[in-house]
Amino acid sequence: MKEKLIAELQKFGYPVFLQGSLNPAQNYPDSFITFWTDDVLDGSHYDNDIKSFVWDFSVIFYSQNPLLVDSKSLEIRNALKAAGFIPQGKGRDVPSDETTHTGWQQDFYFIEY
């Protein structure tokens with residue numbers, strides 16, 4: 001499922017990173033996307049076996065441009081929803097390690113059968 005998420009995020013043309021993996025000695029890109037797998041839970045059971053998993057992802061879009069953070073995050077939400085990811089609300093502001101950047105975090109479920 002991570003591969004599916006990454007493939008969808010790469011369609012936006014921004015660098016995609018695992019959250020927390022950017023090198024602190026290098027400058028941040030002007031805009032970029034990070035993701036994190038929060039959890040993978042059993043989704044359903046039948047006959048003493050797991051029949052599905054619920055993947056829980058966080059996706060964050062960071063940028064130096066706060067207007068882009070707003071508009072691109074909505075585009076990401078709509079695209080992931082169309083690709084089968086289930087948005088969990090509309091998201092929230094997140095701080096950045098760099099004062100030049102702001103971010104917007106959104107959470108998504110994906111059910112794997």
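Is Ile86 buried, exposed or partly exposed? Ile86 counts as partly exposed, because its relative accessibility is 35%; buried means under 20% relative accessible area, exposed over 50%, and partly exposed in between, with a 1.4 Å probe and protein chains only. Here are some notes to read beside the model.

1. **What kind of model this is.** This is a predicted model, in which local features need pLDDT of at least 70, side-chain atom pairs count only at pLDDT 80 or more, and totals for chains, interfaces and linings use all residues. Residues are numbered from 1 along each chain as its sequence is written, and side-chain values use heavy atoms, with hydrogens and water left out.

2. **Confidence.** The average pLDDT (the predictor's confidence in each residue, from 0 to 100) is 95 for the protein, and 100% of the residues score at least 70. Strand β2 has the lowest confidence, with a mean of 95, while strand β4 (residues 86-87) has the highest, at 98. Helices (H or I, at least four residues) and strands (E, at least two) are DSSP runs, numbered from the N terminus.

3. **The surface around Ile86.** Back to the opening residue: Ile86 sits in strand β4. Together with Tyr109, Ile111 and Tyr113, Ile86 makes a nonpolar surface patch of about 410 Å². Patches are made of residues with over 30% relative accessible area and no salt bridge; like charges are joined within 9 Å, and nonpolar side chains (Val, Leu, Ile, Met, Phe, Trp, Tyr) within 5 Å. The areas come from the Shrake-Rupley method with a 1.4 Å probe, and for residues only the protein chains shown count as cover.

4. In soluble globular proteins, nonpolar side chains tend to be buried together. Here the largest nonpolar core has 16 residues, and those with the most contacts inside it are Leu5, Leu9, Ile33, Val59, Ile76, Leu80 and Phe85. Two or more core residues come from each of α1 (2-10), β2, β3 (49-63), α2 and β6 (102-112). Strand β3 gives the largest share, four residues. A core is a set of buried Ala, Val, Leu, Ile, Met, Phe, Trp, Tyr and Cys residues joined through side-chain atoms within 4.5 Å.

5. **Aromatic pairs.** The whole structure holds seven aromatic pairs. One of them joins Phe17 and Phe32: the ring centres are 5.9 Å apart and the planes are at 75 degrees, so this pair is edge-to-face. Phe17 belongs to strand β1 (residues 16-18) and Phe32 to strand β2 (residues 31-46), so the pair ties together parts that are 15 residues apart in sequence. Phe17 is partly exposed because its relative accessibility is 25%, whereas Phe32 is buried, at 1%. Ring pairs also link Phe17, Tyr28, Phe32 and Tyr62 into a cluster. For the cut-offs, rings of Phe, Tyr and Trp (its six-membered ring) pair if their centres lie within 6.5 Å; planes under 30 degrees apart count as stacked, over 60 as edge-to-face and the rest as tilted.

6. **Salt bridges.** Four salt bridges turn up in the whole structure, each a side-chain nitrogen of Lys or Arg within 4 Å of a carboxyl oxygen of Asp or Glu. One of them pairs Lys11 with Glu8, with the closest N and O atoms 3.1 Å apart; Lys11 is exposed at 62% relative accessibility, but Glu8 is buried at 14%. Another pairs Lys72 with Glu75, the closest N and O atoms again being 3.1 Å apart. Both residues lie in helix α2 (residues 66-82), three residues apart, about one turn of the helix. Lys72 counts as buried at 13% relative accessibility, and Glu75 as partly exposed with a relative accessible area of 37%. Asp49 and Lys51 also form a salt bridge, with closest N and O atoms 3.8 Å apart.

7. Which backbone angle deserves a look at Asp47? Its phi is near 55 degrees, a positive value in a residue other than glycine. Asn48 has a positive phi too, near 60 degrees. Asp47 is exposed, with a relative accessible area of 65%, and Asn48 is exposed at 85% relative accessibility.
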